[in-house]
Amino acid sequence: MSLDVWVVLGVTVGGVLLGGLLALLATRRRRSTPVQRHTSTEFATLAGELAATADRLTESREREERIETARREIVAWISHDLRTPLAGIRAMAEALEDGMAPDPERYYVQIRGQVDRLSGMVDDLFELSKIHAGALQLNFERVALYDLISDTIADLAPVALAKSLDLRFEGERGLTLQADARELARAVGNLVMNAIQHSPAGSAIVVSVTRHADGRAVIAVVDAAGGIPEQDLGRVFEAGWRASEPRTASGGGQSGGAGLGLAIVDGIVRAHGGQVTVTNVGDGCRFELLLPQHPAG
């Protein structure tokens with residue numbers, strides 16, 4: 001039999017000592033006992049567990065670094081997006097104050113529009129902060145999905161009409177589920193607005209409701225705004241994400257802002273115990289909200 005001589009090697013991640021790994025240094029012939037063989041097996045198992053722990057901590061640190069990078073990017077984008085409407089409001093206010101505005105009524109309308117845009121950005125930030133803090137409170141009630149989506153389409157129809165878009169509903173009309181009507185309407189509205197922002201003039205946006213084979217309700221928004229690069233599909237719902245290239249040439253619509261809308265959709269759907277997905281289909285994308293009939297809790 002043989003005697004194994006082991007040496008302990010320190011394992012560190014980010015300068016922090018996690019423990020030690022046992023390495024076989026030399027082997028000397030001698031008679032081993034069952035206890036010694038058992039101890040060697042335990043050492044090998046422990047070494048594997050320490051290595052796995054080191055890998056998990058490395059992944060955790062990399063994930064935290066990505067989150068921090070995204071946070072800094074969001075702050076930078078929000079700062080930029082806030083400055084743009086504020087600069088416009090200030091310029092128009094000064095023109096009105098100096099009596100230099102050729103059409104004061106139009107300036108008032110534009111100022112109101114910029115204020116509404118700023119209010120929307122602040123609302124998005126507040127909503128996202130609640131989602132990230134796990135503080136999003138849902139008030140569940142029986143919701144008729146056709147009514148909810150019809151109201152959303154009616155609210156956004158003028159925006160779609162301004163771009164000559166065909167925004168319409170298709171699918172089942174009698175499907176209901178337990179949900180927070182206000183938050184779910186916000187999620188659907190964000191998806192529809194995202195489609196409007198990216199769709200070329202004259203194209204269609206179809207919002208549908210169907211029942212999945214597993215009983216979940218499926219709310220889908222399909223556009224013809226071009227696909228999303230495959231390398232970006234997994235990041236679409238990250239806060240602050242922006243595509244590496246535009247889906248379509250700008251048709252005069254607003255930009256996606258600081259990239260919070262889809263992250264809010266993801267947070268709201270997860271809070272309902274559901275799932276949101278995106279796939280490339282035809283000339284555009286298909287976003288789906290898969291929602292259980294009775295969310296747990």
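Glu127 and Lys130 are separated by about one helical turn, being three residues apart in helix 2. Helices here are DSSP runs of H or I with at least four residues, strands are runs of E with at least two, and both are numbered from the N terminus. The model is predicted: local features need pLDDT of at least 70, side-chain atom pairs count only at pLDDT 80 or more, and totals for chains, interfaces and linings use all residues. Residues are numbered from 1 along each chain as its sequence is written, and side-chain values use heavy atoms, with hydrogens and water left out.

Helix 2 spans residues 104-132 and holds Glu127. Glu127 and Lys130 form a salt bridge, with the closest N and O atoms 3.7 Å apart. A salt bridge is a side-chain nitrogen of Lys or Arg within 4 Å of a carboxyl oxygen of Asp or Glu. Glu127 is buried, at a relative accessible area of 2%. Lys130 is partly exposed, at 22%. Buried means under 20% relative accessible area, exposed means over 50%, and partly exposed lies in between (1.4 Å probe, protein chains only).

Glu127 also forms a salt bridge with Arg186. Here too, the closest N and O atoms are 3.7 Å apart. Glu127 lies in helix 2 and Arg186 in helix 4 (residues 181-198), so this pair ties together parts that are 59 residues apart in sequence. Both Glu127 and Arg186 are buried. A network of salt bridges links Asp124, Glu127, Lys130 and Arg186. Across the whole structure, a search finds 12 salt bridges.

The contacts of Glu127 were then listed, leaving aside neighbours within four places in sequence. They are Leu136, Glu183, Arg186, Ile264 and Ile268. Contact means heavy atoms within 4.5 Å.

Helix 6 covers residues 261-271 and packs on the sheet, touching strand 8 and strand 9. The direction of helix 6 makes about 25° with that of strand 9. Axes are lines fitted to C-alpha atoms, for helices over the stretch in contact, and angles run from 0 to 180 degrees between N-to-C directions. Within helix 6, Asp266 forms a salt bridge with Arg270. The closest N and O atoms of this pair are 3.0 Å apart. Asp266 and Arg270 are four residues apart, which means a separation of about one helical turn. Asp266 is buried, with a relative accessible area of 15%. Arg270 is exposed, with 60%.

The sheet itself is open and has five strands in the order 4-6-7-9-8. The pairing is mixed. Strand 4 (166-171) and strand 8 (275-281) are the edge strands, each pairing on one side only. The twist averages 15° from one strand to the next. Two strands pair if DSSP finds at least two bridges between them. Strands of a sheet pair through backbone hydrogen bonds, either parallel or antiparallel. Strand 8 and strand 9 (residues 284-291) pair in the antiparallel sense, over seven bridges. Thr279 stands opposite Arg286 in strand 9.

Helix 3 (residues 145-162) lies across strand 4, strand 6 (204-211) and strand 7 (217-222). Helix 3 runs at about 170° to strand 4. The loop between helix 3 and strand 4 contains Ser164. Ser164 has a positive phi of about 60°, although it is not a glycine.
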